[in-house]
Protein chains: 2
Amino acid sequence: MIERIAILGTGLLGTSVGLALRAAGYRGAITGWNRSVEHAQVAEQMGAVDSVSMDAMEAARAAQVILLAVPIYATLDFMEKLAPTLGSEHLVTDVGSTKRIISEAGARLFNTPERAAFLPGHPMAGKERGGAELGDANLFRGTVWLFTDDPNAKRSPHSAALVKSWREWVAAMGSKAIDLDPARHDELVAWVSHLPQFTATALSALLESEVGAAPELKDVGGRALREMTRLGASPFSLWRDIAYTNTDAVERALLALEQRLAYLRENLRTPVLREEFEQANKFRRE
Amino acid sequence: MIERIAILGTGLLGTSVGLALRAAGYRGAITGWNRSVEHAQVAEQMGAVDSVSMDAMEAARAAQVILLAVPIYATLDFMEKLAPTLGSEHLVTDVGSTKRIISEAGARLFNTPERAAFLPGHPMAGKERGGAELGDANLFRGTVWLFTDDPNAKRSPHSAALVKSWREWVAAMGSKAIDLDPARHDELVAWVSHLPQFTATALSALLESEVGAAPELKDVGGRALREMTRLGASPFSLWRDIAYTNTDAVERALLALEQRLAYLRENLRTPVLREEFEQANKFRRE
């Protein structure tokens with residue numbers, strides 16, 4: 001039933017969605033828009049979109065499904081601008097990494113019978129670097145796509161059907177949908193996504209201070225060091241919005257890790273160290 | 001010139017050395033000993049050793065090069081027992097992860113013209129799980145093999161030649177030798193190896209406490225979470241000895257990371273966050 005999709009933001013995620021839709025057999029139109037048009041043209045050359053639009057609002061109005069694949073604050077800006085110009089024949093969905101603020105805006109601006117539907121989404125997929133040229137048709141295969149949909153949304157039958165159809169395309173891209181309350185979402189990703197990222201950033205920044213002057217010594221760390229610092233390459237531009245829109249939960253998670261590291265440090269020569277290793281082993285076994 | 005090697009300890013590293021020597025063209029004898037003989041037999045079946053010895057001391061006396069591939073305290077025990085029974089026709093070397101204590105024992109017990117040579121070594125290679133069955137002929141390819149040799153060692157010409165020849169075999173296994181002072185070695189590996197491990201352990205143990213009861217939620221974290229907790233599977237038996245023999249340097253590194261995490265936590269909404277990401281990006285760029 002979906003025949004016209006607009007992807008606003010052809011970075012890594014937007015481009016990968018276009019490629020994954022094509023790989024899953026989607027035959028309709030895909031229009032791409034990007035703040036810098038060169039990146040939309042890269043997505044077009046890769047086959048992720050079949051046309052490039054210079055006007056995001058026009059591309060959105062012409063589509064049935066509008067995928068917002070831009071940073072969180074840019075997503076909120078688009079939501080404000082799109083809500084008055086779209087109608088019950090549209091679905092807007094997003095890929096933002098925090099969902100409380102976006103879901104609140106969705107309830108305020110969308111999801112009435114006259115307005116477009118808004119489905120807050122968050123594919124748990126990415127790479128440590130962004131950009132259309134890294135787009136990958138298999139990026140979502142075997143991953144989880146979180147939705148924080150509003151159970152009280154009052155949608156037109158048409159836009160409700162678009163929601164159902166988009167969920168089917170997400171499954172066709174190889175991703176498993178999990179539905180969560182927005183606040184629970186933000187709490188959960190603080191632990192399993194944001195904490196690992198900020199830990200890798202702190203560890204990489206610390207090691208740059210300690211051994212950065214002797215880069216040949218990085219080889220000494222081998223695979224374990226490379227792995228524990230790979231996310232150190234993540235761009236600030238993406239994580240700034242996450243830090244701003246999930247501050248409390250991230251603070252709690254970071255403080256808990258600081259305390260856990262201190263506990264381990266104080267027990268390097270006591271039986272507690274064994275317990276900590278056993279607890280860690282358990283996390284990896286399940 | 002090396003024609004008879006004894007590998008004492010056929011775990012992951014000992015077995016991998018045997019396989020890597022064969023792959024590099026070593027044609028001499030390799031005898032394996034292990035505390036539990038079944039694991040030595042696995043190494044034999046894999047072709048890492050061509051005979052299994054039930055008596056480590058006898059195997060050592062019959063060899064020219066004795067590779068100690070057991071945990072650190074077991075290495076120290078072997079050094080005490082081997083020193084009086086070996087002579088200037090032998091070289092003892094090891095793979096222990098900390099080198100200060102082992103190098104001190106080496107200077108005390110070996111490296112006189114009448115005694116065996118002792119060459120403290122530390123291949124920066126491993127897997128998150130141990131065992132002969134994970135032995136891998138390519139484990140050392142592209143890695144670094146640290147040596148903390150004593151520049152004042154007074155060796156017989158014969159055992160000095162064995163040291164030179166062993167270094168050539170290390171290169172043939174695909175590993176690059178780096179020579180370091182023992183104290184500098186322990187300080188360096190505290191940063192680039194022990195800190196990443198203990199961070200992964202603390203992070204995994206914390207996440208087990210926080211989301212362990214809902215294992216389906218681990219999928220949410222995706223690749224980033226898997227990577228940042230892979231080392232959580234590391235066995236306590238290996239890391240206990242490291243924690244005991246490099247306590248001060250590991251404590252300093254852990255405390256520094258706690259402070260860096262707190263700094264990041266206190267600055268989630270300030271320009272400092274950008275600086276931390278840039279510093280982390282720099283570590284990954286070089």
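Chain A is divided into domain 1 (4-180) and domain 2 (184-285), with bounds that come from an automatic or database domain assignment. This is a predicted model, in which local features need pLDDT of at least 70 and side-chain atom pairs count only at pLDDT 80 or more, while totals for chains, interfaces and linings use all residues. Residues are numbered from 1 along each chain as its sequence is written, and chains are lettered from A and ligands numbered from 1 in the order in which they are written.

The C-alpha centres of domain 1 and domain 2 of chain A lie 31 Å apart. Their contact takes 14 residues from domain 1 of chain A and 16 residues from domain 2 of chain A, two residues being in contact if their C-beta atoms, placed from the backbone, lie within 7 Å. On the domain 1 side, helix H4 (72-82) and helix H5 (100-109) of chain A each supply at least two residues; helices are DSSP runs (H or I, at least four residues), numbered from the N terminus.

I turn now to the two chains. Helix H10 (residues 247-265) of chain A packs against helix H10 (residues 247-265) of chain B at an angle of about 165°, with the axes 9 Å apart. Axes are lines fitted to C-alpha atoms over the stretch in contact, and angles run from 0 to 180 degrees between N-to-C directions. H10(A) is therefore roughly antiparallel to H10(B), a term for angles over 145 degrees. Among the residues making this contact are Leu254(A), Leu261(A), Leu254(B) and Leu261(B).

How values were computed:
Parallel < 35°, antiparallel > 145°, perpendicular 65-115°, else oblique.
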